[in-house]
Structure formats: C-alpha cells, structure tokens
Amino acid sequence: MKVTLLKGSGFLTNRLPFRFIFGALAIFIQACSLDGLVTVDDPQDGESVDIGEVTTRAGVLAVYASAIGKFQIGVNELSSNVSLFTDELSVRSNFAGTTGLDARIEKHTQGLLSPLGVVVASPYEYLNSSRINFLQIRDIVRNLNDSSLNYLVSAAYALEGYTVLLLAENYCSGIPFPTLTFDGSVKYVEGSSTTEALKLAISLFDSSQIIHHDSTRFKVLSQIGKGRAYLSLGLLDSAFISVQDVNPTDVYNLHYSDLQVTNEEGFVSKPYAFWTTGSASTLGSQSNGVRNFEGTNGIQWFPLVGAPDARVPVTQQILDGINVAFQQKYITGNVVLPLAGWIERKMIESEYWMNEGDPRWLDAINEARRTRSIQDTTDPGSLEARVDLLFRERAFWFYLNGYRLGDYRRLVRQYGKSPYEVYPSGIYEGGYGEYQLYGDAFVFYPPEFANVKYQGCNHKDP
Amino acid sequence: MKRDRINVMLTIPVKTLLAVMIILIHGRIEAQRTNLPDLLRGEVRGEVGKQQQEDIRERRVTISLHNTTLEKAMNEIAQSAGLKLTYSRTIVPVNKKIDSFSVKGMSVGEALNKLLDGTKFIAIVRANGRGVITEAGSQQGNAGSEKQKNIDNIIKGRVVDSASKNGIPGVMVSVPGTEIRTITDKNGVFVLSNVPANRNHINFKLLGYASAVRTIENVNKGDDLLVMLVPAATSLNEVVTTATGFQRRVEIPSDIVKIDAEKIRQRAPVRSLTDMLEAAQIPGVLVTRASGDPGAATRVRIRGIGSISQSNDPVYIVDGMWIDGSVQSPSRIDLIDQETIETIEVVRGPSAATLYGQDASNGVIVITTKKGLPGITRWNFGYSSDWGRAYGKMPLVYEGLGYNQITGERVLCPVSSVLAFVCVQDSVGIYDPNSKLILREGQERQDAYSLSFDGGAKAVKYSVAASTRNVLGVRRAAPIDLIRLRKMNQTYDKDILKPSRQKNHALSSNLSLYPRDNLDIVLTVKAAYSDLIDNRYKLVSHVVANPINPDTINFLNEGSEFSEIFRNMQTRNTVFGSSITWRHKHGINVTGNGGLDHTTANETGSTRKYGCGLICGNDIGSQSDGMHSTTVASLRTNVSTMLTRGRLGYFIELQPRIGFDFRNVKRNNFNVSRDSIPGGEPASSGRIGSALGTVRETTDAGWYLSSTVGILRKLYFDIGLRQDIGSAIKSSSNTTYPKLGGAWLVSDEGFWPENNFISIFRLRGGIGHAAVQPDVGDIKGRFVTGTRYIDGKVVKSLELTNIGNSELMPERAVELEVGFDLDVWYDRISVIATYAHKENKNALVSRKLPSSFGRGSDVTRKENIGLVQNRSLEMSVNGIAVDKSWLRLVLDYSHTISDNRVKSLGPGTTSISRSLVGTGITDAIVVGYPLGSVFKRTPLAYMDENGDGLISISEIVVKDGGVYVGTSNPRYRGSYGINTTMWNRLVIDSRFSYQSDYAVDYNSSISGRKDYGFQDVNAPLYLQAQAQYQALNVDRISDFRWNSASISYVLPAVRISSFDVRSMSISLQGTNLGLWTKFGGRDPWVNTGILSGSEVMRVDQGSVPPPPRKFALNIKMGL
C-alpha cells in the first residue's frame, strides 16, 4: 500500500528521502491509534483483588463477610458509646475521650476535635464502611446476574437499612449518606434530617422484604428494623403493623468471638463484643462500671442488696473502698448480640397499645418478662408512670444493645420530657475529676469533613 | 572491490566475533597489522551518533620530501592517503620547485594546503576520497559552487584550533560592515573574495571558541591567513542528548546541563551516581539521602516538588533505555557502576521533558556510558580507598529521674509516672550523647577496585569494565551498649553489632559494531550485585545519666528496652540493551533503542528486643522476609532528517523528527512478616502477622513529532507535540503535550556591536507540557483478603482498601522557562541564567473521603484536584581568572532560588494533615504553603494545676493551628568552586556550598528530650511547656559546607612510558570537610523520610549517622 502511494505521488516520491518522510507519516498516522498496542493489565495476585475482578459467587460472599464484619464492629462500638453516653455504663478510667463521652461534654482540648467527635467517629465510620460494602454487593450481584444470590441482595438491603437506622437514632439531624458505585464513582449528597434518614431506612427494609430471603432471620431483621424506624418517627400504628409477623423464635443475632481474625488493616484481632467494658472475664480489667441513678435521672440497674435483674446481671466488688458493679451480660468473647427479635415486637406492641389506651400494653410487657421468668409487673396508673415503666422495660431488655440514646430522644421528642429529666445531668461523678458537671450534648454528630455538600448538623437537639 | 565488500558483509558476524576475540587476546597488537578483514582496519572512529562514516579527509599523513616538484609532492601526499587528486596541469604550477617539505600526522587536506601555501591555489578534499586543486576564491560561500570573478581582492586562509592545530570547520568569517561572509570548510579553510580595499578587519566567530579579529595590511595581495581560535568557556556548542538524538545546545531552548563524569571523579571521591550528582552541584537539582550509611536510599529532586501524591523522582535514561529509578535502599540508581559513566545530562525545562513522555514532568537524567575508543586494547586499573568519620555534636538529652515509691529503686521518672504516683521526681538527668562512652561511631572505610579495557578498530569497538567495592559504614555499636548487654546477661548475635556494610560488584560491557558505513549497532550488557547489611541499634528506653555526675554512667534502668534492627538485602540487577542507528545518505537518521532492566531483591529484616522483661513477655522480636522485583522493558525509536541543505541550509535549517516509544514496568512485591517471636526460638516460631503480595504493571506508549527550525544559524525554534496512552490513564483523558521554544543568538546579529567583551549573548525561552501519571492501583478500587467471624465461624473476606477512581487523568505540568547565555570578558566568563515557572495542574491528591464513605484506609482515593506552583531562578557563572601556559585558575559559582506553593487542593479543602495531634508537629499540605512543609504547634496557655512544679501535657493548651516553620527544599542554594591547574599536571580543586531557609524535624531515636526545661522543676514554666510539646524539634536552618577538596597529579608520559604505562594519576580527595550551621545537632542533611515517601525533611539524631567526612586516595593507571 505504501509503495503504491509513493509511486503515484509525483516527483517527490521518486526520491528516497521523501519515501522515508511518507513512511514516517504512515507511522505517525498509525501512532494516532496506539490503543491497540497497549495491554492494560489489571494487577492481580492471590492477596489483593481489583473491584472489577470480583466476578464470582465466592468473591461476593467474601465481600459480604467483610461488610458483616464491619457492621458487627460498628454495632458493638456504637452500643458501647451509647452505654457510656447514657446511664447504662459509667467510666472508671481517665481517658479524656471516654470521660468526655460519659459526661456528655463537647469540648475542645489540646486543639483536638471534641471528645464526642473523636469517640463516635469509629462506629460512624465502621457502619458507613459496611453501608458502602452493601451498596457494592448489590452491584456485584447485579453484574453476576445470578438469581440464586438474590438473598444476598435482600440481606444487603436489610443491613444497610440498619446502618441508616442506627445512625438516624443516635446522630444529629443532618447525616449524609453518599453513595459509591461499583466502578468507583463517588456521589456526594447533602445531609439527611433524622426524619429523612428514618424514611430511607424504611424504604431499604421494604426493598429487602420484596426480594427473596434465605431464611427468616433476614425477614425478622427487616420487619423489626422497619418497626423500629416507624417507632422513631412516632408512627406507632405503622410500627405495630410492621412487626406482626415476628414469631417468638425469630431472631437475628450478631456473633462475636475471641477467635483471631484479620481485620481490614491486615492486623490480627479478636472481634470481642464490648471492648470498652473489658474483654476479659476478670473484673479488674473492666474499664467501665454500672452505676445506679447515674446523673440523677439514671435507672437503678441493680439492687444494693439481693439478686439483680436477670436482664442486667452485675457483680459487685469493693475497689478502692468503693462499691463498684460490673456488668455480666457480655463478659466473654463468644457472645451473641440480638439485633432483632420477638421481644422487640412485644415492646413495640406495648407502646402502640399504651398510646391507644388498650390494656393489652401491660400484657405485652409481662409476656416478654415471663420468657426470662421475671415476675409480672403491674399498671402504675398514670400515663407518665406507664411511659416510665415501658421505657424502663426497654432499657432492661436492650441493655448494652445500643437502644438507650434513641429512647432518650423519643422521650423528649414524642413524650414531651425535658432533656434534663432524661439524660444524666447535674454533678458529674465519673473519671478523675476533669469534668465537674454533665455537659449538654444530646446526640452524637458525624465526624464529617471534606464533604463538599455537607454543611454539618441541622441541629443537635434530641 | 564490490565483490569483496559483499563478501565482507556476509561474514560480518563471524569475522566480527573473531576480531573481538583476537583483539582481546592480542590486545597490544595494532589492528591494522593483523590479517583482519578490511572492515576491521581503518582510522579512528567518532562516537556513536555522531557521523560515523569514514572520512578520508581525516586520514593522517606523515611525509618528508626534498628537492622535488609541486606535482610530485602533491601526488606523494595524495597517494599516501589513498586520495584521488584532480587538477589542471595547465593552471596549477606543477613544476614549481619544492626544496623541502615535511609534515607529521597532519590531515591530507591540511598537508596539501600547506604545500600550496604561497600560491593562489587551494586543495579541496572530499569525503569520498577525491580531491581537487583549484584556485582560491572559487569556494566563496559555503557551497563553493560560484565561479571566482575577481581574484585580486581575495583573502584566504585556515582557521585552526589553538590546542590541536586542527582545522575548525564552520567558523563564520566576515568582513564587518559588509555582507561579505563565509564559513570555513571541513579543513578550516576559507576564502573571501571581493573584499573592499578599504576594509581591513576580518572577524572569526564560532560557538565554543573565543572570537578573533585579524587586520589585513593589504587586501589586494590575497593574503594567506592562519588564524588560531582559542577554546572558550561556553558550552553552547556542545552536543547533548535529547529524546530525539543529538543536538547542539545552541539549538535547544532549554538549559540542559551536561556533566563530564571524569571531571567529577577528578575532584571528589565519588562512589555512585548520587555522589556525582551531589558533587556536580547543579542549579535546581537537590540530592538527599536517608543516612550516611552505605546503601542508604537517595533521592533526587529537579526544580522542586511538583506532585502532591505521586513520585517526584526524575526519569532515568541510560544509553537510551529507561531504567527503574524509584527510591529504594540500596539506592537503585547507584547500582550503575559510576566508573562506566561518561556523561550525565540533566534535562530540565519544558521543551526537553515533553519528549520523554509520561513521568518526565520531574525532569530527566540522561546517562551515557563509556563505549571505548578504537585502537589497541587499553587497560585501565583503578584503586580507591577512603576513610571517613561522622562528626558533629548532638544536643544534650534531658530526662526526669527519681525514686520508685514502693521499691525505692532509682528509676526514670516521666511526668506520667509522677501523676500515677509511681515515682517521685527529684532531679533532671542530663547526658551528652557525644560522650565517647555513650555513643561512639566507628571509622568508615571503603576499598574499590576497577578494571576496564577497551579498544577495537574500524568495524568493531568494545568496552568492558568490572568493579568491586566494599564499604563499611560509620556506625558501630557503642561500647556502653555492649557493656550493658553483658551486664544484662543478654545473648546477642555479635555480627549484628558490626557497622552496616555494602558489597557491590558490577560488570558492564558495550560492543559497538559498524558493519556498514551508515549503520551502527551497540549492544550493552550490565550486571550488578549488591549485598547490603544494615545494622542499627536503638535504645528505646535507656537513659543512663547520673544526675550527680553526668560523665559517669549509672545503669539505672538495666531492664530498659534495647532493640537491634537488622536488614540484609541482596539486590541483583541486569540490563540488556541495544541501540541501532542507521543513516541514509540523504541525511535521514533512524535510531532505535531497546532495553530490559531487571532488578530482584531479597530482603530479610528483623527486630530483636532486649531488656524489656515482662513487657515483652515471650514476644521479643519480629522478622520480615520480602522478595521484590522490577522489570522495565523499553523501546524507543526516532527518525530524523535535515530537510534543507546546501546554501539554503545556511539560511534555513529544518530538522523534523518523529518518534515512538513504549515502556512496560512490572513491579512485584511479596512480604511475609512474623511477630511474637519467642526468646531463643527461630523466627519460624513466630506468628505470621501478615503476608501480602502485589503486582503492579504499567504500560505506556507514545509518539511525538517535533522539529527544529533554524534561521540564519542564529534563530532556532523548537516545536513539538507528544501524545501518550497508558494503562494508568483514563482513555478519554487529554494526553497531548505540546511544546514551543525559541533561542536567539543575538550576538550574531549584524546590529550587535563588534566587540569581544560580550562575545556571545543568547536569549531563549519555551513553554511546554509534561505529565506524571497516576498509579494503576489508583484507578480501580481494591480488595485485600482477610478473615471475619460470621455466624459463628471464621470465613474468608475481601476487605475494601481502596475505592479507586476511574476518572483519573495524568497530572499535567505546564512549564515556562526563559533565560540567557552570556560569554563576556573575551570569553573568559560564561553566565547561564534561567527562570522557570511550572504549574502542576490536575495534581493528584490522595484525599481521605468523608467518614460517611467508610473507615480509615477504606476511604482514601486520588482525585485530580490540586494545583502546585514551582518557580525557580537558576544561575551559574564560570570564569577563567588566570589563563597562563603554566597556570589556569577557573572559578565557578551557581545559585538557585526556588519557591514552591500549593495553590489548590480542590473545592472545600484547604489542608491535608498527616499528623494531627500529639507530637506538636504537623506535617501537612496546606494551600498557600510549600509541599514538604512542617508546622509546629505552640503552647497557647499552661498552668501547673496540681502544683507539683512540673508542666505535663494535660496542663498545656496549644494553638489549634500549626505555625509554619519551613519546607524541606532550601529556598536559596549556592555553590562555589575553585579549580587550579598547574603545568597541565597538577590540579587542585575545592568546592563549597550553602543552603538556607529549610526546615527539619529532628526527632531523635534516642529517647528523652533535647530541650532545656524538659521535666525540670527549676526551669521556667514556659520552657517546660515548650519542651513537653516538642515544639523545639522543628527548626528552620541554614548551612555552609566545605564540600570537597582534591589534589591530583598526572605523571608525565616520559616518566612512565619506560614502564609500559600509558597514563597514571594519583589524587587525594576529601569530601564533607566542614560544616557551619546554627543547627543544634549533627549534620542535618539526611532525610529519614525518603523511604516512606515523605517530602518532609526528617533527621534522626540518634540511630541514623550523618554523611561522613571522607578522605580518599585514588590511583589510576592506563596500559
């Protein structure tokens, strides 16, 4: 082709130099489309995998395992923080961040972020990290086009719904839920109000429910999750309806262990539950204790004399001349944390009936109590006392499970209580005296930065 | 003849190989006297890339004639050179009597013209072996095609080099005030005709030589002139390597620095390429190293730091091949045997860097190795031995001392222990790490041997070099530590306490073949092996001061922790390269370079802790094993030509070039680490902490089209365009990089005053684009395998570590450079000044995405959102202060002012902090400040709340923001050199440099604080507060250094020839001879952050030795 071209090009092409020039031009033209010459080899080896290379069933299950693992840690850490922030636990250390959390102090120290911002960062990030994974799982399964993996999509919707729900319950109004597509495209969004977040959670639970489940545990997860979200929205009838199919044996548990596993940074760790309460069985290593009437408004979790409630087991010990109680609910690595189950259905039903004036509200409470052989309770009479009783029941059932802050907020929002009647208040007794009084932080707030669309919390009220 | 030629061509490989073998075996036998084929006979060849075809004009003639005629003499000369001479017997006075005529080693043209001296005829010898005797004047102009019209006012003559006496081609010969000018031919001969009788001054001008003016007494007599031009200091005439081949510097609008490696070796004890770059003190080039230990990682920065997150390393090209220049320990670029380096060119600026493709935005270092010279085999032996010692004072170290409340034993007493009621502080221990009892550094030692031989003939040239080097580092275990270990009854590997050492062996060979006059083939094979043992000891908690008498030692904390860090790295590097150059007779040059650079490294590292007792438990150490390999395969081709020739070529030169290059880089890393190694157990007893392997492969390809346009040989334009694709670039991203530059030789203009005080003045400027590409791993999100505990069992998981960004584009650097070159004071002073302004647009910023995307490492990803600006002013002055036959004194000075600024980090981001809290030091990237900046946070308020007289961390409130201290890149840098040559044999050289306005973070691995006031109840509270916060550990400093001094002597040939020695030189050299700085510690010019990729200057005053002061003896002998 080149020869023909040159021969037909007049006198210039009869001279050798110009043949080379035309030859060079031919190379030039070819060089304009060099793409074919370059092999784009994706890095691959046995230890690391590109996102696009997750194209197998085993691969998506491994991503799912990572997501669940981070979700477990997120729930665990969030629950720990909630326990300290509310009256469930009280610090026994002088670690500034933990003490500040316990005292509900939002304070700048040493140029650091406030203790609340630092301490609550970890669960916030773990939960969001798993949320991103759940989004990716849905993308991967969609790309695999394997209907037998639909149960993973259902699970991912339900668990993503829980991450949104937990963030909405405990963090301020104005939480961003940015998305990340499977190909790495990042989409920033503005912060969602608490109401919007709860509605988002409900839509995710709905999505989960309409897709095939692998077992009832995801069914109960989405049903209870939906009921819990409606409860936070104050839509008790919807909450009531949502949980009606939950049976006494239905439960979704998070499993923890003292086995060694490798976390996402490559370090070996043990996925203990409740690290802040001490992971070893020896009492001395537990860093936080259970305190009755913490901050005046707190619950009396255990009697000074006699057996404690089976739902909040404690052991009392004299340390430094002080009577200290340690929780006995989660004291080993091999624990199971129930995230959703029949007890919660009963609590939702009780609340619905109580607000409807239906006496069955007390039946629901006692029905639940009987499962642990706890004596029936009686109607205290007034509506306010009934509310207190119901929320006390919830507190005992869901002790250290991360419900308490959400309940505080509902008491303020939905039952008209003053925050100072609900949250620990007054003279702060924990730590080593760095803080004299409880602060006025009512919620956690996202440790968010560099988000081009996020302007911070809408408000930090309950 | 033709048949012979064909026959020879067919047998080239066999005969060439045979020739090589014969030459190697009988190296001392001249090639021309053997029975080698014709192709192996011949004259001296030039270097590859320069015109290699045989040129009969350069054949040397030695002849002595008496009582003969002009014709016989002419024919005798022609015959002896194989020249076919044509002349007219009717015009040429063939019978002219010649009484005596003799020449020795003169070119045939020169000999003939010498013979024709006094006649009006000249000899013109052509490269094809034909010569003609013609009347002078017929050669007016360059082509010599015009007929002589008036021979009465002719001026002819020759221009020769004052040193070699060889004719100089291309000299501009002109008559001021007229349009009469010509250019000397290949023999330096010129003829001017029609010179007006009233003009009697003739100018002679050529880049690289001092201009000359001659006065002609009587033009009409047709004087014969012999004009000698003296080489000038200017290097504008120098030929430099560009991506597209060889070009004269005068044609290139950028400032390309060319270093003659031999000159550097003469004046400083260099061991490596890094040493050479450091010793050369090139404006705009900053060389740092991680430590003064052998094999330390080194880093080169050209015109500052342009990239926020990507490598700022320049591209390294060795003999046309890409090699891996990534920062490693041992330094990868230092595996090149420095003895084989002939020249180093540092290509800065836009127009040059554009043509080297991806990653050339940070500059290009072009290394050319020795290819040998034809002729008999020359053997060269070299021996170098040097001794060195680290020097400098370390700051005093302060620690609180007290008593344990319970046991009463004397202990270290930090504030935290005081607060916990563990101890009661009663004093401050102060000790001096310079005390030889506490810290003693051994004597560094290096022995290096080199052997090389080269030679060849017309068709083959070879060069083989081998070297071996053994370096012992400065550091040696301090006696105090040995005493302490024994006292603790600790067993330890005695080898581990020896100094770090490195053994390097290198073998390099080049074989250059010239099977045809227009074809050059160079084959290169290089192999290098490095065995590096890096020993460190680290006293983790060790204060041994006696509060009463600091000069004595108390083992107050015998149980304190002591770590030994050991690393052994064996690196093997192999390079295969080939270069083919083909020249067509019409001036088309085709060059191809192919290369394969493969490096493998096996690494074993361990850390063993002693004396930590219960703290360590059974876990007394860790071990890691790694295997790393890098392969760079490259192919570069280009085609160039000169489209204009003849007389037109004088007015317009058009040199178009087109090229294509391809590069594939594959990096393979595998690491296994074990920890929890029990005491006394082998490392295999430990637990596998992690095992991670990665493979990264990047492929790039690109083409370029460029052209130099020369107008009247004084105005040059350089235009080019490059386009790249690559596996790490988004396919739709704009990867077209244009360049445009111009250079104007103003002093050659007619309006330029006819004076020799300013003989050369060139203005140049250019603008161009270049790029740094993202990593392949940054494009796609990435999972690593892990395990999770799910539903009651441990299962395999894939953990997202990198989100990835498929939209990434290369960083785009746009650089503007303007400058001038000036030769003044009769060419004795040369000034080169350049201002560069560079903006890295679309800078890749590794940004932690908001927490709402996930956690920790899950959420970093790179985005093209940054903008970094670099500005620099570079100036170098080179002057000949004394130029006598017995004494030559050359002074040089260079200066760089650089400024770096982060202009943007993308919307919503003003800073990226790398260290937020705790240390008081913030290493951050902040808009408005340079990259590599350090900020220190200062105490805002403090109060002794508990009244114990001590300020603790919790009693200090510091300012939220850091206060800018400075950057790692010195703002001002300068160097001074004095070089004296006496009787052309004795050379004395001395170099100095200064750097100012750079910041170092001098954390020390020696625990304790170096700040007065630390934990001292008697110190003012504000000093205690500052000391607690380590605020004083960041400083902006300056230094003035006596870099090197050398004295070398070249023995006279007459003295050594009787020993069959061709050349011999002895030199004594010293480096790092003095340092003057206000810095409170030892030499601050080491940067431990190099390997971690940090651009911040970090100095460890404890376990990292500074560059040693060295003295070296070099003996070189050629046979």
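Predicted model: local features only at pLDDT ≥ 70, side-chain atom pairs only at ≥ 80, totals over all residues.
User: How do I read the packing of α7(A) against α9(A)?

Analyst: Start with the axes, which are lines fitted to C-alpha atoms over the stretch in contact, with angles running from 0 to 180 degrees between N-to-C directions. Helices are DSSP runs of H or I, at least four residues, numbered from the N terminus. Here, α7 (residues 150–170) and α9 (residues 216–233) of chain A pack at about 25 degrees, axes 10 Å apart. Angles under 35 degrees count as roughly parallel, so α7(A) and α9(A) are roughly parallel to each other.

User: Which residues make the contact?

Analyst: Contact means heavy atoms within 4.5 Å. On α7(A), the residues include A:Leu159 and A:Tyr162, and on α9(A) they include A:Phe218 and A:Leu221.

User: Which residues touch the most other members of the largest nonpolar core?

Analyst: A nonpolar core is a set of buried Ala, Val, Leu, Ile, Met, Phe, Trp, Tyr and Cys residues joined through side-chain atoms within 4.5 Å; buried means under 20% relative accessible area with a 1.4 Å probe, protein chains only. In this core of 125 residues, they are A:Ile137 and A:Tyr252. Helix α7(A) gives the largest share, 14 residues. Leaving out residues up to four places away in sequence, A:Tyr252 touches A:Leu159, A:Phe218 and A:Leu221, among others.

User: And how much of chain B is buried?

Analyst: Of its 1119 residues, 58% are buried. Chain B has 14 helices and 54 strands, strands being DSSP runs of E, at least two residues.

Notes: Residues numbered from 1 in each chain as written. Chains lettered and ligands numbered in written order. Heavy atoms only, no water. Parallel < 35°, antiparallel > 145°, perpendicular 65-115°, else oblique. Buried < 20%, exposed > 50% of the residue type's maximum accessible area, 1.4 Å probe, protein only.
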